[in-house]
Amino acid sequence: MPRTTDGEGTPVPQRLLAAATRLFAEQGYDRTSVQEIVEAAGVTKGALYHYFGSKDDLLHEVYARVLRLQQERLDTYANADEPVDKRLRAAAADVVVTTIENLDDAMIFFRSMHHLSPEKNKQVRAERRRYHEQFRALIEEGQREGVFSTATPADLVVDYHFGSVHHLSTWYRPDGPLTPQQVADHLADLLLRALRP
């Protein structure tokens, strides 16, 4: 039976994910072996296969854990008892902050998504689509209420914002001049200005 934690109490699945994330970010998914992951995590291959069926499953989980967090937070913002412009701004800023806080995960995913099996790729696309549809629903709600302009279709507004979010890993640097919250505020403000009636 594999040990479930290390000496500091970190569960094996988290250790495997941390090791895989670091190695995928440094070397790339395709250049990282299962052996390197288990050595970095201090476990056996048997432990990896006990928790994850394959390296593909690890790649999927790297992205899925961030998307789960972002979906939970979007659910909270979307259902809050606030005006739609405040809910949209909060959601728009939050996805920027959570992406920056998980920049390695985002970079790995966008660089390596094509390595996922067709089944996992389809699952990820469905999860992302659900997130984008809920985000779009906030824009459409504001458009129906006259809070946001209808001049630009909601789908295009969503693509505009998430295009910026998905490219954060190509230019954002933690030691740069802007904090994650400052970047989030700027991008959320740009989104709201684009929607102004």
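Leaving aside neighbours within four places in sequence, asparagine 121 is in contact with Met113 and Leu116, contact being taken as heavy atoms within 4.5 Å. The model is a predicted one, in which local features need pLDDT of at least 70 and side-chain atom pairs count only at pLDDT 80 or more, while totals for chains, interfaces and linings use all residues. Numbering runs from 1 along each chain as its sequence is written, and side-chain values use heavy atoms, with hydrogens and water left out.

Asparagine 121 sits in helix H7, which covers residues 118-144. Helices here are DSSP runs of H or I with at least four residues, strands are runs of E with at least two, and both are numbered from the N terminus. With a relative accessible area of 13%, asparagine 121 is buried. The word "buried" stands for under 20% relative accessible area, "exposed" for over 50%, and "partly exposed" for what lies in between, using a 1.4 Å probe and protein chains only.

What does the whole protein look like? The C-alpha trace spans about 60 × 35 × 30 Å along its principal axes. Of the 197 residues, 45% are buried. Among contacts between residues at least 6 apart in sequence, 68% join residues at least 24 apart.

The mean positions of the 24 positive and 29 negative charges are 3 Å apart. Lys and Arg count as positive and Asp and Glu as negative, with His and the chain ends not counted; each charge is placed at NZ of Lys, CZ of Arg, CG of Asp or CD of Glu.

Residues 10-70 are 77% helix and 0% strand, with end C-alpha atoms 23 Å apart. For residues 33-52 the figures are 75% helix and 0% strand, and the end C-alpha atoms lie 14 Å apart.

Threonine 32 lies in the loop between helix H1 (12-27) and helix H2 (34-41). This threonine is buried, at a relative accessible area of 2%. Not counting residues up to four places away in sequence, threonine 32 touches Leu23, Phe24, Gln27, Ile37 and Lys55. Lysine 55 is 23 residues away from threonine 32 along the chain, and their C-alpha atoms are separated by 9.3 Å.

Tyrosine 63 belongs to helix H4 (residues 55-78) and is buried as well, with a relative accessible area of 8%. Beyond its neighbours within four places in sequence, tyrosine 63 is in contact with Phe109, Val124 and Arg128. The C-alpha atoms of tyrosine 63 and aspartate 104 are 9.8 Å apart, across 41 residues of chain.

Helix H5 (residues 84-101) is mostly covered, since 13 of its 18 residues are buried. At 1.5 Å a residue, H5 should span 26 Å, and its end C-alpha atoms are 25 Å apart, which agrees; the expected span is 1.5 Å times one less than the number of residues.
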